[in-house]
Amino acid sequence: GAVSTVVAAVVGLAVLSAAGLAPVLVAVGRRWIAVPLVPLAGAAVASSAAAAYVAFGVSFLAWFVVLAFAVAAASLGWWALDPGRSRPGGGPGGADRRVVVAGAVGAAAIAVACAASLRGLRTPTVGFDARALWVMRPGWFLQSHHQLLIDLKVRDLVLTQSAYPPLVSAASAVAWKVTGVHTARMGVVVTSLLNACALAAAALAVCEVGRRAAVDASGRRAAVDASGRRAWGGASGARASGDGASGARASGERPPWVPMVAGIGAAVLLVLVAAGITEPFLTNGYADPIWSLAAVGAVAWGLQSPGDRAARAAAVVLVLVAGGSKDEGFVTAVAIIGLIALRSLAGVVADHGWRARWSRWAGPVALAAAELAVIGAWPELMRAVGARGASSTFTLRTELASRSSAVAHGMAPYLHVLVVAVPVAAVGGLVLSGVRRRTGTGNDLWAWAALSCGLVAVAGALVTGQGEIGPWLRSTVHRITEFPALAAWWIVATWGVVAVCGLTTGRHGALPGDEASGAGAPVDAEPVAVGA
């Protein structure tokens, strides 16, 4: 029945969470973002287990257990070797009560909004592609290795995309195996819960912008009120240490509520907007929402948040989820990985110059290479075994112009948010760049670069593909435009929170030294700390 399926799905999610618990807690610490990241990290482990099963055999569950223990052992070993470095604090503002309360209220509000976004689960529907692929393959991973290879390679099936990345099916396979409930409905519920986790992770990044803005405002007030000039223990020093409330507490200043409330409100509204954009696919088993939401979260944490260890760790988990969920997600994840690495390297140059020691350069490069190896293992395996859909469908065509026009007209109704996002970003860049830098929020161009890469990847596949463009667009355009539409809304919301911070702190004027930072700098004024 419905209750048993929901209970079984929760049990499956708990098993996935057990696999992702140690690495997330070690890398992220006791922060609210760790809650949705834990099951997503477990799903990434399940995806790697599926790849290992295809490559080496034995059994899928055995590889899941082995990889889960290996990741946990490596994480705990890293923490044991350097516990101070591997245990980040509780977020911006240290232990300031207002910041802590705002974090808890924000997390609770986002959780309620995400739960409301899953109301579609009350209707037990399974999407066509979901039934044909995403909730059929879990059974493949629970068969013998020989039968799995046959399932992947046999050519006389109508379904042509058996080579799609495995994360959604692998996570459902774990839930099927541990609960014994082998139904399409079970796969849909598990996938929907993971969708909600990815949505919460992306929304929490916007909530965090408000908290950082409040901490910055309190530090600036303390610095101005104390001496009329920038104080070493005020905003600048606080931002560098990651505890902006320390200077404020020293002068009796408390972080203002307005930016934090704005962050919470924007995050909740984004959850509701995202639910509307991704319906009905959010709750009927499709893989498009999870890769789109995870990619947006990776952009928010990896390209728009300060470059601290917790934000980088969140981005790693989310980019692995996006890259392991669907072909479009894989291409977009590759682009995001490259952009995050470039942002980190730009931070090295800004902080240490071109003569920085090699270890500072090697960190971002090694991390990007490891992420690419994890998400790239599956497509290489599919080519090696000759799975259906593993070869590229790109081809040069004589009607590229007409197909390009059809794609542009087909996507336009689903990307109307760009009409709002582009002018908002332009005005924000001209008026609020200084405020944005002071709050530690990344340069807006990074997010636009990621949005553009995702949009080009999807549009390029349609333009150069072999399918008839009209029916192809009608059947997929709603789903494949989810990432750029969501990313644009996140850009608008981030500027909105930054604007509220500017209104809150504007009456205190610019602190000496702000002008020297240079509005509109191409890289973040707050450099990404590599290896911190």
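Tutor: In the protein chain, helix α10 (residues 235–241) has the lowest confidence, with a mean pLDDT of 37, and helix α2 (residues 34–56) has the highest, at 97. Here pLDDT is the predictor's confidence in each residue, from 0 to 100, and helices are DSSP runs (H or I, at least four residues) numbered from the N terminus. This is a predicted model, in which local features need pLDDT of at least 70, side-chain atom pairs count only at pLDDT 80 or more, and totals for chains, interfaces and linings use all residues. Residues are numbered from 1 along each chain as its sequence is written, and side-chain values use heavy atoms, with hydrogens and water left out. The chain averages a pLDDT of 83, and 83% of the residues score at least 70. Over residues 223–252 pLDDT stays under 50, and residues 507–532 also stay under 50.

Now the packing around α15. The axes of α13 (residues 288–302) and α15 (residues 327–352) come within 10 Å and cross at roughly 5 degrees, so α13 is roughly parallel to α15 (angles under 35 degrees count as roughly parallel, over 145 as roughly antiparallel, 65 to 115 as roughly perpendicular and the rest as oblique). Axes are lines fitted to C-alpha atoms, for helices over the stretch in contact, and angles run from 0 to 180 degrees between N-to-C directions. On the α13 side the contact (heavy atoms within 4.5 Å) is made by Trp291, Ala295, Ala298, Val299 and Gly302, and on the α15 side by residues including Glu328, Ile336 and Arg343. By class it has six nonpolar, three polar and two charged residues (Ala, Val, Leu, Ile, Met, Phe, Trp, Tyr, Cys and Pro count as nonpolar, Asp, Glu, Lys and Arg as charged, and the others, Gly among them, as polar).

The axes of α14 (residues 309–323) and α15 come within 7 Å and cross at roughly 155 degrees, which means that α14 is roughly antiparallel to α15. Ala315, Val319, Ala322 and Gly323 of α14 meet Gly329, Phe330, Ala333, Ile336, Ile337 and Ile340 of α15. This contact has eight nonpolar, two polar and no charged residues.

Terms used. Helices (H or I, at least four residues) and strands (E, at least two) are DSSP runs, numbered from the N terminus.
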